[in-house]
Structures are given as C-alpha cells and as structure tokens.
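Here's a quick briefing on a fold, its sheet, one of its helices and its cores. Have the structure open while you read.

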Amino acid sequence: MGGTNQLLNGRRVLVTGAARGLGLAFATAIAEAGAEVALADILQDRLDESVAALRARGFSVHGYALDMADPAAIEACARQVAAAFGGRLDGLVNNAAVTNSGGRSSEQLDTATWDKVMQVNVRGTWLMTNACLPALRASGRGSIVNLASDTPLWGAPNLMAYVASKGAIIGMTRSLAREEGPHNITVNAVAPGLTKVEATEYVPEQRYQTYQDGRALQRLQVPDDVTGAVLFALSDLSRFVTGQVIAVNGGFVMH
C-alpha cells in the first residue's frame, strides 16, 4: 500500500518533530513517496497516534522518543534509528524546534527563554546531525534538510530568539554542505513562511495578514505548500543542489 508517487522509493528517512504540524506533514509526504520513515518527537502520545494512523494506511513507519534539549536522548534516538535501518540513513529532516519567544521585543526576552530556544533549535540540530552522520555517509546518497524560516530573511520583529536560531541554521547548513560534500551528502535548508499549524496558533492575526498582503501568492500558507521542497531536497532531483536556502513563502521574501 502507500502513495503512487515513488520519488523516494527505498529511501530511509528520519524526521524530527514529526508528531504533528509541519513535521507530520513532511513524514506523511515522505512515506507517500515510497520511503520508510522514522518519526521522532517529545510528544509521546501524539507521536503514537500519528505513527498508528500512518501504519493504518499501510506505510512503513516507526516512532522514537526524542528530547532535543537532552544530548543523551539525541544520541539514543539516532542510534535506535540507525539500528532499525540497518546502519544506513538516506535522509534526515531536522524539523524539531521551539517557538516560545514570540510576541516580545528583544528587551523583553529573558535569558532562560533565549537559552531554551538556542538549546533546542541550534544545539539540538547540530547534535542530531552529528549523531546521524555515520549512517548518512553509509548511504552514499545522504540528504540533510534543515528547517529554517523566512523570518531571518526579512527580519521579523518581536521574535528575536527564534529568528536568531533560524539564522544560525542557515549558516550551519552552508558550512556542513562543504564539510559533507566529499561524502556525497547534500545539505540544504527549507525556509517556510508563516504556516497555519497548531504550533503557530499563538501568532496574532495581524501577522498572518501582514504575510498574506505581502505575498505574490496572496493566500494562507498551509503545510502541503512546504512538503514539495522537502521531497525535492531529499530526492535524486537535487543531487547537485547543496548549501542552499529554499524559501517557500508564496513570494513574501524573494532572494
């Protein structure tokens, strides 16, 4: 069973932050494209539900506990996934992140919030990538897709810690692309615009309107708008594309 699109047939892919929202949309699209998918998340109940729902559709998926703030948990997750996939990992989608710095100016942010965002979004992505590199190298055609954001591309206000963390992801993507090029691993960043998901429910309606009014394609952005770029970055269609930032925001930012 599964989808008719076999763009990723035979691939083995890990998606972090995959229990809900964009992460679940990515995991679903990747499974529909023919891959075996590992979903990792800190939200255990939601993760179990999502894995069960995908298995009910006939997809080969697995669920793993993951706390991106805990280096030991990151190592354990990567080790379990590599073991389940026979030591070979074809794709890693670094999607897990926290967005708890919204609605406050730079001066209003506290250091605990800043540190939490950096710990999960930047350090966590770095550590998860490192933990998966041996299995990605073993693939011979590994692809890393880091979820950035268009917020550092236009300088979104009142979201300083998150914007800074996603700017760091863009820089990390470029450096890692050069480091892993000799291993035939591509490393790219997908930078979505504001997308209507559960994790963005806190965003004021005015910010949604700002995006919608400024887009070349003037409508609400939804998860399915972003999945194509992720599938492209994981597939053979992009084997000579690396170190790039793919902005997916309906033309709100063009770069």
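Predicted model: local features only at pLDDT ≥ 70, side-chain atom pairs only at ≥ 80, totals over all residues.

Two strands count as paired if DSSP finds at least two bridges between them. Helices (H or I, at least four residues) and strands (E, at least two) are DSSP runs, numbered from the N terminus. Residues are numbered from 1 along each chain as its sequence is written, and side-chain values use heavy atoms, with hydrogens and water left out.

**The sheet**
- Seven strands form an open sheet in the order β3-β2-β1-β4-β5-β6-β7, with parallel pairing.
- β3 and β7 (245–248) sit at the edges with a single partner strand each, so one side of each has no neighbour in the sheet.
- β2 and β3 pair in the parallel sense over five bridges, and valine 37 has valine 61 in β3 as its bridge partner.
- Helix α3 (residues 71–84) packs on the sheet and touches β1 (12–16), β2 and β3 (contact means heavy atoms within 4.5 Å).
- The direction of α3 makes about 160° with that of β3 (axes are lines fitted to C-alpha atoms, for helices over the stretch in contact, and angles run from 0 to 180 degrees between N-to-C directions).

**Helix α2**
- Leu47, Ser50, Val51 and Leu54 are the buried residues of α2 (buried is under 20% relative accessible area, exposed over 50%, partly exposed in between, with a 1.4 Å probe and protein chains only).
- Down the axis of α2, these buried residues fall within an arc of 100°, so they line one face of the helix (the arc is that of the directions from the helix axis to the C-beta atoms).
- Asp45, Glu49 and Ala56 are exposed on the other side of α2.
- The cover over the buried residues of α2 includes α1 (21–32), β2 (36–41) and β3 (61–65).
- Just after α2, glycine 58 takes a positive phi of about 95°.

**The cores**
- The largest nonpolar core has 32 residues, of which Val15, Phe26, Ile30, Val37, Leu39 and Val93 touch the most other members (a core is a set of buried Ala, Val, Leu, Ile, Met, Phe, Trp, Tyr and Cys residues joined through side-chain atoms within 4.5 Å).
- β1, α1, β2, α2, β5 (143–147) and α8 (224–234) each supply at least two residues of this core.
- Another core, of 27 residues, lies apart from it, with Val81, Ala96, Ile144 and Ala177 among them.
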